[in-house]
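Please examine the sequence and the model together before reading on.

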Amino acid sequence: GFSISLLFKRAKVLHKEVLKPVVLLLGCNYACYILTEVCEFSSIFALFVSSVLSGHYAMHGMSLEAQNFASELAELMAYTA
């Protein structure tokens, strides 16, 4: 979660686009899930912590349009689940 947030803070190219930061955010959180699953730790808890941390800190490194898109995408995914 903190490494994702640091990536979004340092990578200035992610501050201007809409789709790439959202896909990268979802991909990094999924990679956290897979890594903890391979290491046989609690993958659901790791995904929860990573998502909370990246949602709180990494969202400030995105453009306003990307923040809105990520919010709408999360709402759509929650609705379909």
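This is a predicted model: local features need pLDDT of at least 70, side-chain atom pairs count only at pLDDT 80 or more; totals for chains, interfaces and linings use all residues.

Residues are numbered from 1 along each chain as its sequence is written, and side-chain values use heavy atoms, with hydrogens and water left out.

Helix α3 covers residues 43-57; helices are DSSP runs of H or I with at least four residues, numbered from the N terminus. The buried residues of α3 (buried: under 20% relative accessible area, 1.4 Å probe, protein chains only) are Ser43, Ala46, Ser50, Leu53 and Ser54. They lie on the same side of α3 because they cover an arc of only 105° around the axis, the arc being that of the directions from the helix axis to the C-beta atoms. These buried residues pack against α1 (2-10) and α2, where contact means heavy atoms within 4.5 Å. The face turned away from the buried side carries Ile44, Phe45 and Phe48, which are exposed, that is, over 50% relative accessible area.

α3 also contributes to the lining of the largest pocket, to which α2 (19-38), α3 and α4 each supply at least two residues. A pocket is an open set of points on a 1 Å grid over the protein atoms alone where a 1.4 Å probe fits, with protein on both sides within 12 Å along at least five of seven lines; lining residues have an atom within 4 Å of a point. Of the 15 lining residues, Leu25, Leu26, Asn29, Ser51 and Ala74 lie nearest the centre of the pocket.

Leu64 belongs to α4 (residues 64-80). Leu64 counts as exposed because its relative accessibility is 55%.
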